[in-house]
Amino acid sequence: MTTRDLGFVALFAALIVALGLVPAVPLAGLPVPITLQSAGVMLAGLLLGPKRGTAAVAVVIALVGLGFPVLSGGRGGLAVWVGPTAGFLFGWLAAAFVAGTVAMRLDTEAHAPGVRLAGLIGGAILGGIVVLYAFGIAWLTFGAGFAFPKAFVGSMTFLPGDIAKALIAAFVTAQVRRAFRLERK
Amino acid sequence: MERQWPTETTDTTAPIGQTIVFADVSVVRDGAIALRRVSATLTERRIGVVGLNGSGKSTLLKAIVGLVAPSEGTIAVDGRDAVTEARAVRATTGLLFQNPDSQIVFPIVGDDLAFGLKNHGVARAEVGDRVATTLERLGIARLAERRIHELSGGEKQLVALAGLLVIEPKTLLFDEPTSQLDLKNRNRLRGLLADLPQQAIVASHDLELLADFDRVLVIEAGRIVFDGEPAAAIATHIERSA
Amino acid sequence: MIDGLGSTGTTPLHRLPAGVKLAGLAVIATVLFVVREPMVLTAVAAAAIAVALSTGRGVAATARDLALPLGLVAAIGAVEWGLGDGEVAACVVPRLVALLFLAHAVTLTTSTAELAETFEAGLAPFERLGLIDAGRAALTLTLAIRFVPLIVEEAREIREAQAARGLSIRPTALIVPLVVRVLVRAEEVADAIDARGFPPNKNSNM
């Protein structure tokens with residue numbers, strides 16, 4: 001990793017933390033305001049690419065383990081690492097990686113703008129929802145002992161908010177890339 | 001005016017500096033030409049660089065410490081190439097960025113100064129003393145344990161400067177040091193600059209700051225269009241920018 | 001800069017070395033997953049709560065810290081019990097409660113510095129294999145901590161600027177400029193780090 005990579009990883013990790021400290025945003029059509037932190041995770045993958053995006057998430061997870069209250073709501077410490085939501089935390093690594101891989105493949109000059117945006121949305125949803133929920137629900141079932149069907153249904157309550165975040169992440173990525181040239185790694 | 005800097009001196013009040021040679025240097029950044037065939041031998045104690053935004057002032061400074069590589073030509077600092085021997089050049093040449101927040105890396109002031117020392121291989125036992133002495137010299141010893149984000153803009157700039165001075169460089173490069181300061185802090189910086197024993201090269205819009213310098217370069221679209229006495233240089237710059 | 005939850009103190013748990021606490025937590029966690037006796041698990045959970053309270057953080061603060069995971073555990077227990085799987089609930093709930101309180105107790109009684117040292121020691125084998133550079137990893141973490149307050153401040157500025165122009169909060173309108181600023185800043189910081197001579201030579205006398 002070059003110093004520049006180090007800079008991007010560190011500052012993006014700081015952004016993910018900062019997004020957890022910013023108040024939740026109300027969105028038309030959603031009953032509950034959404035916290036932006038997990039959108040930041042998808043952004044890390046979509047903008048920085050699979051390796052650096054995952055590294056940024058790893059920094060955030062390390063900070064949690066070291067006892068910093070960096071997750072939205074001021075949560076942190078080893079209790080988060082071992083608690084029932086641990087799968088959703090560590091799953092962020094896979095989420096960023098998958099989102100980044102899809103973005104690297106589909107959001108390139110070789111594709112039409114429509115395909116590129118679809119690729120970003122697809123990457124965000126595949127990584128930030130499908131893969132993330134898989135890890136989250138797996139831990140709920142095997143780690144926390146919450147039977148699969150119930151864990152699945154319970155997790156679905158978060159789906160509308162997370163879909164909104166995936167769309168936000170995709171659109172933000174498209175707009176940012178117009179203003180700032182950045183290759184994905 | 002050729003002047004040889006003393007390479008070794010026990011006289012602590014003697015001026016300190018380096019010979020910086022630009023040999024027909026061109027730099028391309030983001031597809032545009034940032035510096036165009038720049039040639040100059042810089043030895044004076046106080047050198048100013050004026051030019052409009054985007055004229056290439058910052059690029060000139062960054063090139064000296066090898067942050068941008070010339071596409072043509074070479075830059076030598078006391079004989080060492082700015083790109084291939086960047087490490088050695090950076091050990092004796094500090095660059096103060098326009099925005100001090102970009103330069104301060106650690107959350108606590110003292111730790112940030114230690115970072116600079118550790119990068120240059122200073123023994124752990126010496127670090128504490130040198131940090132303390134440098135903070136003392138700039139009058140900010142009381143800030144040693146403070147958190148960066150609680151400091152004012154002027155204080156942050158002093159911390160950033162301390163971070164450079166702590167490694168005892170021979171030359172300091174300043175990129176627009178007064179552009180974000182209020183009057184009081186601008187005066188403080190001018191005072192600091194006057195007392196600084198090191199050679200200083202200052203890129204600035206602040207024409208008053210450069211008025212009593214030894215030499216001022218005027219840059220336009222990457223080219224040096226004037227090189228000489230401050231008064232004439234400033235007049236040229238004003239005239240050409242009208 | 002954000003502060004870690006861990007602190008220095010004089011309670012017995014504070015004085016235990018970090019390595020012992022972490023290893024102990026790992027062992028207890030493994031045992032908890034193997035044990036299937038509700039009575040045993042409940043006893044351990046009660047002990048865990050006592051341990052957590054011994055740290056001196058106070059009941060109210062501890063309750064606030066763990067509100068979210070405990071709420072989730074309660075929900076899990078209620079669902080399992082309501083659907084007739086009482087036995088499952090009788091094991092799952094105390095097991096998770098025990099884990100949560102013990103883990104939190106370790107976090108509260110171990111300073112960030114101690115944890116960082118243990119962390120570095122843990123990374124040492126990976127460093128010897130050339131998979132990770134501990135120095136760069138440490139710098140990356142420090143940088144992240146350093147810049148959080150600045151980015152929060154920038155988010156606030158952007159939001160205020162938009163409110164002043166009468167625009168309602170749209171997430172994209174906040175995040176796009178914020179991300180661009182972060183990326184620009186990242187490049188400047190990387191340049192500054194290079195200019196300050198990072199990384200140190202491997203064979204320096206440190």
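User: Just after H4(B), which residue takes a positive phi, and of about how many degrees?
Analyst: The model is a predicted one. The position in question lies just after H4(B), and its phi is positive. The residue is B:Gly121, with a phi of about 75 degrees.

User: Is helix H4 of chain B enclosed by the rest of the structure or open, and how many of its residues are buried?
Analyst: A residue counts as buried if 20 or more other C-beta atoms lie within 10 Å of its own. The buried set in H4(B) includes B:Val109, B:Leu113, B:Phe115 and B:Asn119. Helix H4 (residues 109-119) of chain B is largely enclosed by the rest of the structure, because the buried residues number 8 of the 11.

User: Which helices do the buried residues of H4(B) pack against?
Analyst: Among these buried residues are B:Asp112, B:Ala114, B:Gly116 and B:Leu117. Their packing partners belong to chain B. They are helix H5 (124-137) and helix H6 (153-165).

User: Which element gives the most to the side of chain B that touches chain C?
Analyst: The contact joins 25 residues of chain B to 23 residues of chain C. On the chain B side, the elements that give two or more residues are helix H2 (86-92), helix H3 (100-103) and H4. The residues of that side divide into 11 nonpolar, 8 polar and 6 charged. The element that gives the most, with 4 residues, is H4(B).

User: Which element gives the largest share of the side of chain C that touches chain A?
Analyst: Here 55 residues of chain C are in contact with 51 residues of chain A. The elements of chain C that give two or more residues include helix H2 (18-34), helix H6 (86-109) and helix H8 (134-164). The largest share is 15 residues, and the element that gives it is H9(C).

User: How do the residues of the side of chain C that touches chain A divide into nonpolar, polar and charged?
Analyst: Other elements that give two or more residues to this side are helix H5 (67-82) and helix H7 (112-128) of chain C. The residues of the side divide into 44 nonpolar, 7 polar and 4 charged.

User: Are H1(A) and H9(C) oblique or roughly parallel to each other?
Analyst: The axes of helix H1 (residues 3-21) of chain A and helix H9 (residues 171-195) of chain C come within 8 Å and cross at roughly 140 degrees. Angles over 145 degrees would count as roughly antiparallel and those under 35 as roughly parallel. The angle therefore makes H1(A) oblique to H9(C).

User: How do the residues of the contact of H1(A) with H9(C) divide into nonpolar, polar and charged?
Analyst: H1(A) passes H9(C) in a right-handed crossing. From H1(A) the contact includes A:Arg4, A:Phe8, A:Leu11 and A:Leu15, and from H9(C) it includes C:Val182, C:Arg185, C:Glu187 and C:Ile193. The division is 11 nonpolar, 2 polar and 4 charged.

User: How many charged residues does the contact of H2(A) with H5(A) have?
Analyst: The axes of helix H2 (residues 37-48) and helix H5 (residues 86-106) of chain A come within 7 Å and cross at roughly 35 degrees. The crossing of H2(A) with H5(A) is right-handed. Residues that meet there include A:Val41, A:Gly45 and A:Leu48 in H2(A) and A:Trp92, A:Phe97 and A:Gly100 in H5(A). With 11 nonpolar and 2 polar, the count of charged residues is none.

User: Which residues of S3(B) point one way, and which the other way?
Analyst: Strand S3 (residues 46-50) of chain B is mostly covered, with 5 of its 5 residues buried. In a regular strand the side chains alternate between the two faces of the sheet. In S3(B), B:Arg46, B:Gly48 and B:Val50 point one way, and the other way point B:Ile47 and B:Val49.

User: Which residue in the hairpin of S4(B) and S5(B) takes a positive phi?
Analyst: Strands S4(B) and S5(B) run antiparallel and are joined by 2 bridges, and B:Ala76 has B:Asp81 as its bridge partner. The hairpin has 2 residues between the strands. The residue with a positive phi, near 50 degrees, is B:Asp78.

Notes
Residues numbered from 1 in each chain as written. Chains lettered and ligands numbered in written order. Predicted model: local features only at pLDDT ≥ 70, side-chain atom pairs only at ≥ 80, totals over all residues. Axes fitted to C-alpha atoms, helices over the stretch in contact; angles between N-to-C directions. Parallel < 35°, antiparallel > 145°, perpendicular 65-115°, else oblique. Left-handed = near helix turned anticlockwise from the far one by under 90°. Contact = placed C-beta atoms within 7 Å. Nonpolar A, V, L, I, M, F, W, Y, C, P; charged D, E, K, R; others polar. Pairing = 2+ DSSP bridges. Buried ≥ 20, exposed ≤ 12 C-beta atoms within 10 Å, placed from the backbone.
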